[in-house]
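Subject: Structure handover

Hello,

Here is the structure I promised to pass on. Please open it and keep it beside you while you read my notes.

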Amino acid sequence: MTKGKGLWTKNKGLTHHLLAALILCTPWIQCSPGGTETRRAQIDAKIDTTGVLKVGIRQNALPLGQRQDGQWMGYCADIAHALAEELSRDRTNPIQVLFITSTTQRRYSLVANGTVDIECGPNTINPETETTYGVSFSVPFFVTATQILTRPEVPASASAPIPLLSPEPVEGPKGPSLPVPLGVIKDTTNEADLSQIYPRSQIDNTFPDYEQGINAVLGSQISGFASDGILLVGTARRLNLLPDRDYILTTPKTTSGSPFCASYAMILPGGAENSRWRNTVNSFLANNREAKTIWRRWFSRLDPSIQVLSAACQ
C-alpha cells in the first residue's frame, strides 16, 4: 500500500474519488481536456497516435498482477486489455497493450515521467502522494486492510494476536514487546500502520516482496509479516499454503477498534493537460460492462476472511 497517515486521510481521499466517479461524463457535464496548449500532450491523443497503451503492472501481487511463464495474469492484466479494446473503438488497427514491470518503489515515477500511461496495482489513495509525485489516483476499485500473517503454532507471546486485535492506548514506549520482529515492506501504509502499535525497533522493513516476507515467517526468522490481506492470501495461494494449516491472519486495529483500511486505485498522470485521459479511465472503471465482469471474476470469489475484511472497511 502507498504510505499514508491513517484511516481518516485514506477515507477522505476515498470520498473525494467516489464523488468524482459520480459526476464523470454526465449529459450535463462535458468531459473536456481542461487547460490550453501545454508542454505535455494528452495521454489519450498519444495512445491514439502510437497505437500502444503502456501499463505498469506488478509481477508478484495476485490477484492484481502476476507474471508466469512469460504471460501476465490477474485483474490488472485483464482490465488493461479491456481498456485497450474500449479505446480501439472506431479504429482500423486495435490498440496494443505493452506491460512494463512496476514495483512499490518505482510506481509513481513510471507514471510521472511518462514511461507508462497508467499503473495498476495495490496503490492506496492518498492526496499527499498526488501532490508529492504529481500524479492522480483513479476512482477506487477495491478496499482492503492491513493484516499480519503468522504460523499457526506460534504462541501468543510471539505473534501477539490479542494485543494486535485490541491494542491498548499507550504513553511513552509503544505497544507490546515481541521476541522476534514483525516484517513489512518499506514505505508502505502497512509499515505506517504497524508503527502506530509497535516500536520501530520491533519492525523489520528490509523485505522487498510478499513472498520473501512469508517465507521468513515460515522459517521462523520473523514472528509475522504485515501487508494487505488480499495480497497475503494471494501470495499464500501461489506458495500452495493453506489457512489454519500453514498460516493464520490477524487484523491489527486502531485504538478506536477499526481496521487499518485502504482503498486501491490506478495511478494516472496529473495536471490539467491529462484530465481527459483521467476522465476516460474513471468512466471506464465505473461504467464499462466488461470492467465490471473482470472485477467479479477476480474479486467476487475471494477467501471469506478477505470478503469480511472488505465489508468492514466499506
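Where does proline 63 lie? Proline 63 is in the loop between strand E2 (60-61) and strand E3 (65-68). Look at the bond just before this residue. Leucine 62 and proline 63 are joined by a cis peptide bond, with omega at about 10°. Most peptide bonds are trans.

Please remember that this is a predicted model. Mean pLDDT for the chain is 82. A value of 70 or more is reached by 79% of the residues. Two stretches need care. Over residues 4-40, pLDDT stays under 50. The model has 55 contacts beyond four places in sequence for that stretch. Residues 155-172 also have pLDDT below 50. They have 27 contacts in the model beyond near neighbours in sequence. Where pLDDT is low, the predicted coordinates should not be read in detail.

Now the overall picture. The chain has 314 residues, and 52% of them are buried. It contains 13 helices and 14 strands. Take the contacts between residues at least 6 apart in sequence: 74% of them join residues at least 24 apart.

The core

The largest nonpolar core has 52 residues. Leu53, Tyr75, Ile79, Ile118, Phe225, Trp277 and Phe299 touch the most other members. Helix H3 gives the most to this core, with 8 residues.

Start with isoleucine 79. Leaving out residues up to four places away in sequence, isoleucine 79 touches Cys120, Met266, Phe284, Leu285, Ala291 and Ile294.

Then go to tryptophan 277, in helix H11. Is tryptophan 277 buried or exposed? Its relative accessibility is 0%, so tryptophan 277 counts as buried. Beyond its neighbours within four places in sequence, tryptophan 277 is in contact with several residues, including Gln42, Ile47, Leu53, Leu83, Leu87, Ile118 and Leu268. Isoleucine 118 is 159 residues from tryptophan 277 along the chain, yet their C-alpha atoms are separated by 9.8 Å.

Aromatic pairs

How many aromatic pairs does a search of the whole structure find? The search finds 11. One of them is formed by phenylalanine 207 and phenylalanine 225. This pair is edge-to-face, at 5.9 Å centre to centre and 80° between the planes. The two residues are 18 residues apart, and the pair links distant parts of the chain. Phenylalanine 207 is in the loop between strand E10 (203-204) and helix H9 (210-218). Phenylalanine 225 is in strand E11 (residues 224-228). Both phenylalanine 207 and phenylalanine 225 are buried.

There is also a cluster to find. Ring pairs link Tyr75, Phe141, Phe142, Tyr264, Trp295 and Phe299.

Asparagine 282 is in helix H11 (residues 275-287). Asparagine 282 counts as buried because its relative accessibility is 7%, under the 20% cut-off. Its side chain reaches the backbone nitrogen of valine 139 at 2.9 Å.

Serine 102 is in the loop between E5 and helix H4 (107-112). At 3% relative accessibility, serine 102 counts as buried too. A polar contact of 2.8 Å joins its side chain to the side chain of glutamate 119. Apart from neighbours within four places in sequence, serine 102 is in contact with Gly56, Ile57, Arg58, Arg107, Leu110 and Glu119.

Two positive phi angles

Most residues other than glycine have a negative phi. Aspartate 90 is not a glycine, yet has a positive phi of about 70°. Aspartate 90 is found in the loop between helix H3 (75-87) and strand E5 (96-101). Is aspartate 90 buried or exposed? Its relative accessibility is 85%, so aspartate 90 counts as exposed.

Serine 220 has a positive phi of about 65° and is not a glycine either. Serine 220 is in the loop between H9 and E11. At 42% relative accessibility, serine 220 counts as partly exposed.

Best wishes

Terms used: Residues are numbered from 1 along each chain as its sequence is written. Side-chain values use heavy atoms; hydrogens and water are left out. Rings of Phe, Tyr and Trp (its six-membered ring) pair if their centres lie within 6.5 Å; planes under 30 degrees apart count as stacked, over 60 as edge-to-face and the rest as tilted. Helices (H or I, at least four residues) and strands (E, at least two) are DSSP runs, numbered from the N terminus. Buried means under 20% relative accessible area, exposed over 50%, partly exposed in between (1.4 Å probe, protein chains only). Contact means heavy atoms within 4.5 Å. pLDDT is the predictor's confidence in each residue, from 0 to 100. A nonpolar core is a set of buried Ala, Val, Leu, Ile, Met, Phe, Trp, Tyr and Cys residues joined through side-chain atoms within 4.5 Å. A polar contact is a pair of N or O atoms within 3.5 Å; within protein, one must be able to donate a hydrogen and the other to accept it, and residues adjacent in sequence count only if both atoms are side-chain atoms.
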